[in-house]
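Please keep the viewer open as you read along.

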Amino acid sequence: MKKDWKEIYYTLLDRMVDAMTNPEAFDRDSFVEILKQICELFHLAKGVTEFYPDLASEKSGRGEVMIDYDNGRGEVAILKRRFVTNSMTVIRGTLYVAKEDAHLSEDQLEKVDILLRALLSFVVRNRLQKTVEKFGYHDEEGYPNMRYFGRFLGQKLMNGALENHTAICFNLRHFSLVNQEIGREKADKVMKAYVELLERTAGEGNILCRLGGDNFVMTTDTGNLPNILQIFSGYSVRYGEDSHETVPVSASAGIFVIPKGYSPGHVGEIIDHIYSPLQLAKMGGEDTIVFYDRDMVTLREHTLQVQQQFPGALANREFHVFFQPKVDVKTGRIHGAEALCRWIRNGKIVPPMDFIPVLEQTTDICLLDFYMLDLVCQHMRKWLDEGRESIRVSVNLSRKHLSDMDLLDHILEIIDKYKVPHESIEIELTETTTDVGFRDLTRVVNGLHAEGVCTSVDDFGIGYSSLNLIREIPWDVLKIDRSFLPTDEDAETSVTYVMFRHVASMAKDLGLECITEGVETGRQVKILRENGCQFAQGYYFDKPLPVEEFEEKIGTDYYKKKARAAKK
Ligand code: C2E
Ligand code: MG
Ligand code: MG
């Protein structure tokens, strides 16, 4: 034994204490190195540590040999130590010497014992930490979990290492079908193979974690994003020995390309930036990959807010009807009005464009339309009872209703409840793109026509107008969209002007009542007049008005004066 063995011994002891106070800074190699030094210092031939997760495993010998120093001469065990922790994990250490070296003094043995015990308690601690890591940061199938992802991002954030990275949240598309088709066990393998491919493609130092089910989050080097997108768009994964035993897997994803100099307040912000676009991507539209951008989030928040507030707002009667007059351009006589919805929330008017498109994403719009028709009929009943001159009022009906087989009954039920003459109600419908839509539209308009309720093609000219729509469906009114109305700057030879003239004349020849929307100037009123479009609706005559104001105005010759002014 060397002279300075005590010095070495105390150095080793020091290092053991260090290891126990700062286990993370102490890796497996330094651990093996210490064991080796202990063995050499005391001429030991072999050192073995064993770890058993519980007593039963110890009994059956199903443990793990952690470290093994062995110079091949260890025959006699001179020291054995065994610890059982509170959670019943067992750690054992045994030191061996060669037969001829079995002469350690009591003092030396005591010192070896201290070192061995320190070593074992370090092993236990390290091991327990790994167990905590395993259960706290992984799911039952061994995938790192969301907590892991959060911690990973947090560390990267602290080191400013997120630049050139992209965070992704993805969901395997129709994976339940894969489960059904090839069985759970094989499907699990497919999932694993697919995500491993993504992990490999993402680049070193990235991470992929499972949120649960078939939802995952990951990071990738931004440079590798195109390859990742390729895999998301579809990849054949093998699940059996045969080369034809493959199944296509694709994914919907929300993607946040982390911008230069990005410093969020907290990790949750990054997670929000990938989670919201994924929700959009999953909605079943054509976009299965959605990138984060600020406008999209605002839109989504707005959509959710409107959808949440709608039922309450309807019950609180926050939706009101405004009437916009339709005026005969020659006489200034009021011919009718369009009922337009206004949401009055906290004393402010919310314009239809802020909520109608949202309600059209679900069937909420149908509830609103029936509510509006009901309101309109109530007002008309009142006007009839007051002996006012009767005018026709048009109500907008969303295309969402068209597949509803009870639509006609429902409309008539409302109109008849107030005993409003059918011909005093006009239903405005917009054009449609599909064959099915066309058939539904034909059925609805025919049904209304048979009951004497008027119908109009709203916004004619934009979207998908087809002349078939006019020829085959018995409309009463054609409403020319304001984008077809020449502006004051348009010359008579301009395309808009020429088209307007022809559409108005076609309506007339087909015996359809013709009205143009968005008439704002006296010159436009003249254009209508000169081209045979009898009615105008627009700001020149009036904006949509609250009911009291509308009631006041229809009794006066206000519109007649306006029409006369347009003659000059
Ligand atoms: P729409 O049916 O084409 O209604 C005409 C729109 O043009 C109205 O917008 C009206 O205020 C606006 N307008 C009228 N005259 C002028 C003008 O001279 N210049 C300009 N620039 N605009 C004019 P509003 O009230 O904002 O309604 C927008 C759309 O919302 C309506 O277009 C309709 O599609 C929808 N909408 C409104 N109320 C309802 C409803 O109760 N049910 C359904 N399904 N849709 C509705
Ligand atoms: Mg309309
Ligand atoms: Mg319109």
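## Overall layout

Please bear in mind that this is a predicted model. The protein falls into domain 1 (5-137), domain 2 (146-292) and domain 3 (303-565). Between the centres of domain 1 and domain 2, taken over C-alpha atoms, there are 42 Å.

## Helices α1 and α4

Let's begin with helix α1 (residues 5-21) and helix α4 (residues 106-137), whose axes come within 9 Å and cross at roughly 20 degrees. Because an angle under 35 degrees counts as roughly parallel, α1 is described as roughly parallel to α4. The crossing of these two helices is left-handed.

If you want to select the contact, α1 brings W5, Y9, Y10, L12, L13, M16, A19 and M20. On the α4 side, the partners are D107, Q108, K111, I114, L115, A118, L119, S121, F122 and R125. By class, the residues of this contact are 13 nonpolar, 2 polar and 3 charged.

## Helices α5 and α9

The next pair is helix α5 (residues 146-158) with helix α9 (residues 267-281), packed at an angle of about 120 degrees with axes 9 Å apart. That angle makes α5 oblique to α9. Here the crossing is right-handed.

From α5, the contact takes in M146, F149, G150, L153, G154 and L157, while α9 supplies V267, I270, I271 and I274. The contact of α5 with α9 holds 8 nonpolar and 2 polar residues, with no charged ones.

## The magnesium pair

Now for the metals: which residue coordinates both the magnesium ion (ligand 2) and the magnesium ion (ligand 3)? The answer is D458, and the two ions are 3.8 Å apart.

The magnesium ion (ligand 2) has E338 (OE), N396 (OD1), E428 (OE) and D458 (OD) as its protein donors, at 2.0 to 2.3 Å. Along the chain, these donors follow the spacing E-x57-N-x31-E-x29-D. N396 sits in strand β15 (residues 392-396) and D458 in strand β17, so this pair ties together parts of the chain 62 residues apart in sequence.

Note on methods
Residues numbered from 1 in each chain as written. Chains lettered and ligands numbered in written order. Predicted model: local features only at pLDDT ≥ 70, side-chain atom pairs only at ≥ 80, totals over all residues. Heavy atoms only, no water. Axes fitted to C-alpha atoms, helices over the stretch in contact; angles between N-to-C directions. Helix = DSSP H or I, 4+ residues; strand = E, 2+ residues; numbered from the N terminus. Parallel < 35°, antiparallel > 145°, perpendicular 65-115°, else oblique. Left-handed = near helix turned anticlockwise from the far one by under 90°. Contact = heavy atoms within 4.5 Å. Nonpolar A, V, L, I, M, F, W, Y, C, P; charged D, E, K, R; others polar. Domains from an automatic or database assignment. Donors = N, O, S within 2.8 Å, 3.2 Å for Na, K, Ca; no water.
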